[in-house]
Amino acid sequence: QIQLVESGGGLVQAGGSLRLSCVATGTILSNFPMGWYRQAPGKQRELVANITSRGTTNYADSVKGRFTISRGNNKDTVYLQMNSLKPEDTAVYYCTLGRDADYWGQGTQVTVSS
């Protein structure tokens with residue numbers, strides 16, 4: 001059974017940085033993409049960034065230039081480095097695995113204070 005466990009969320013002031021981590025365990029689909037979604041209160045869940053097993057990345061326009069997604073060498077870990085954080089980045093961040101985000105983590109809260 002595949003499980004995704006996120007860590008690294010927390011409270012940070014605007015302009016600060018956080019690094020989210022996600023480890024996938026179980027039967028790992030190491031050649032599948034991994035990614036990060038987020039959901040803010042009262043808003044729809046949205047894609048933040050994703051990365052293929054070969055390292056091709058894709059970002060939401062709202063985070064380009066501020067966030068960086070990367071993958072561990074063993075391909076079952078994904079990171080999201082978040083810099084220059086803004087209050088509008090406040091959300092629950094979810095890690096995903098699979099071509100269609102088939103597997104989801106439980107989420108980690110990121111709160112950016114102004």
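A residue is called buried under 20% relative accessible area, exposed over 50% and partly exposed in between, with a 1.4 Å probe and protein chains only. By that definition Tyr94 is buried, at 14%, while Trp104 is partly exposed, at 33%. The model is predicted: local features need pLDDT of at least 70, side-chain atom pairs count only at pLDDT 80 or more, and totals for chains, interfaces and linings use all residues. Residues are numbered from 1 along each chain as its sequence is written, and side-chain values use heavy atoms, leaving out hydrogens and water.

**Aromatic pairs**
- Rings of Phe, Tyr and Trp (its six-membered ring) pair if their centres lie within 6.5 Å; planes under 30 degrees apart are stacked, over 60 edge-to-face, and the rest tilted.
- Two aromatic pairs are present in the structure.
- Tyr37 and Trp104 form a tilted pair, because their planes are at 50°, with ring centres 4.9 Å apart.
- This pair links distant parts of the chain, Tyr37 in strand 4 (residues 34-39) and Trp104 in strand 10 (residues 103-104), 67 residues apart; strands are DSSP runs of E, at least two residues, numbered from the N terminus.
- Tyr94 and Trp104 have ring centres 6.0 Å apart and planes at 70°, so the pair is edge-to-face.
- Tyr94 lies in strand 9 (residues 91-97) and Trp104 in strand 10, so this pair ties together parts 10 residues apart in sequence.
- Tyr37, Tyr94 and Trp104 make up one aromatic cluster.

**Charges over rings**
- A charge sits over a ring if NZ of Lys or CZ of Arg is within 6 Å of the ring centre and within 35 degrees of the ring normal.
- Arg45 lies over the face of Trp104, 4.6 Å from the ring centre.
- The charged end of Arg19 sits over the ring of Tyr79, at 4.0 Å from its centre.

Methods:
Helix = DSSP H or I, 4+ residues; strand = E, 2+ residues; numbered from the N terminus.
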